[in-house]
Amino acid sequence: MIGDNRGVDQYAAAGVDTHEADRGVGALVEVLSAIDVGRPSRTVPLPGHYASVVRVADNLGIALATDSVGSKVIVAEQLQRFDTIGIDCVAMNVNDLICVGAEPIALLDYIAVERAEEAMLRELAVGLRAGAELAGVEIPGGEVCQVPEVLRGHPSPYGFDLVGSAFGTVALDAIVDGSKCRPGDTLIGLPASGVHSNGLTLARRVLEDEPELLLEPTAIYVRAIVELLRSGLSVHGLAHITGGGVLNLLRIGDGVGYEISDPLPVTPVFELIAERGQIAPTEMWEVFNMGCGFCVIVAAEAGDAAVALLGAHHPGTAVIGRLTADGGRISVPGLGLSGDAGGLTQAA
């Protein structure tokens, strides 16, 4: 018997309604996709993907991605620790960019602050530099904006927001868009370093007395994935596991499903969040990465070689499942979880 055991949607109760947000994004995209520039569009159609690609030459595309660190800035403010969150900013952008097979080359940052304090900005720069070096990108420019009427810190006057835009290059005939995904393909998981930069509104609410558990920087997967793409192995899909948890996989491929038969070990912080917040497994796996920060889809015969290559960069990398012919469906049999893009349910 299958039942919807989600109970109270704790993320919505914390102030983030992901379903409403999806509708809002849909409305935004509907308008922006109708922009008339007076010439044929240079945008490569990649609906629902992590990054965009714009054609600039016969076989050359510029890949673009923009993201922020969300409410993780509040954790940094509370702890007065600003020297790592720049890593998160770089990670959230470059990890999206590589999902289309691009090699990141640069990032621009936007820092909005309540007060332009030298020591805090220096610490933010330390993190941005560390992230850039991990990803192999330059930061040739950016913007610092003082907006005390817009931002109020936790505590004041340390309020800030941190946003990045990443740029990379990709050969148009080498874009990884999921179109090669087939039932029977191997699904590989790369370990997360912690909560990363998604679900922090809910996580902070649950762990309000232990915010230090949430500040661990987001893992950066660029060097591993770029090496994989250059290896000649048959890479069919790439997925950054961010907000939406395992449902992110359903953005990749058409007419395929996902069976996660051997998930990576769940990071202890998620067990703590679930226990203290009394959050159902369905919601945990829809909101958080649950220990798996990135997924790679390869042809079945390439599985072992891909795991060895990726594991050299990210120990603990392993085959976590396979693709199925059950299009648009995802399951974690060991936990009794299954569902589609609309959400997960758990066997009663």
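How are H7 and H10 oriented to each other, roughly parallel or roughly antiparallel? The model is a predicted one, in which local features need pLDDT of at least 70 and side-chain atom pairs count only at pLDDT 80 or more, while totals for chains, interfaces and linings use all residues. Residues are numbered from 1 along each chain as its sequence is written, and side-chain values use heavy atoms, with hydrogens and water left out.

**Helix packing**

H7 and helix H10 (residues 303–313) pack at an angle of about 150°, and their axes are 9 Å apart. H7 and H10 are therefore roughly antiparallel to each other. (Angles under 35 degrees count as roughly parallel, over 145 as roughly antiparallel, 65 to 115 as roughly perpendicular and the rest as oblique; axes are lines fitted to C-alpha atoms, for helices over the stretch in contact, and angles run from 0 to 180 degrees between N-to-C directions.) Helices (H or I, at least four residues) and strands (E, at least two) are DSSP runs, numbered from the N terminus. The crossing of H7 and H10 is right-handed, a term for the near helix being turned clockwise from the far one by less than a right angle, with anticlockwise giving left-handed. From H7, the contact (heavy atoms within 4.5 Å) takes in Arg-223, Ala-224, Ile-225, Glu-227 and Leu-228, and from H10 Ala-306, Leu-309, Leu-310 and His-313. These residues comprise six nonpolar, one polar and two charged. In this classification Ala, Val, Leu, Ile, Met, Phe, Trp, Tyr, Cys and Pro count as nonpolar, Asp, Glu, Lys and Arg as charged, and the others, Gly among them, as polar.

Helix H4 (residues 85–97) and helix H5 (residues 118–135) have axes that come within 6 Å and cross at roughly 40°. That angle makes H4 oblique to H5, and their crossing is right-handed. Ile-85, Gly-86, Ile-87, Cys-89, Val-90 and Val-94 of H4 meet residues of H5 that include Leu-124, Gly-127 and Leu-128. By class, the contact of H4 with H5 has eleven nonpolar, three polar and no charged residues.

**Cavities and pocket**

On a 1 Å grid over the protein atoms alone, a cavity is a set of points where a 1.4 Å probe fits but cannot get out, and a pocket is an open set with protein on both sides within 12 Å along at least five of seven lines; lining residues have an atom within 4 Å of a point. Grid points are joined across faces, edges and corners, and a volume is the space filled by probe spheres set on the points. The count is two cavities of 30 Å³ or more.

| Space | Volume | Lining by class |
|---|---|---|
| Largest cavity | about 100 Å³ | eleven nonpolar, two polar, no charged |
| Second largest cavity | about 40 Å³ | four nonpolar, five polar, no charged |
| Second largest pocket | about 360 Å³ | ten nonpolar, six polar, five charged |

Of the 13 residues lining the largest cavity, Val-246, Trp-285, Asn-289, Cys-292 and Ile-320 lie nearest its centre. The lining of the second largest cavity includes Met-92, His-196, Phe-288 and Asn-289. H7 gives the most to the lining of the second largest pocket, with three residues.

**Backbone geometry**

The peptide bond from His-154 to Pro-155 is cis, with omega near 15°, and the one from Ser-156 to Pro-157 is cis with omega near 10°. Pro-155 is in the loop between strand E5 (138–146) and E6, and Pro-157 is placed in the loop between E5 and E6. Gln-80, a residue other than glycine, has a positive phi near 55° and lies in the loop between helix H3 (72–79) and H4.
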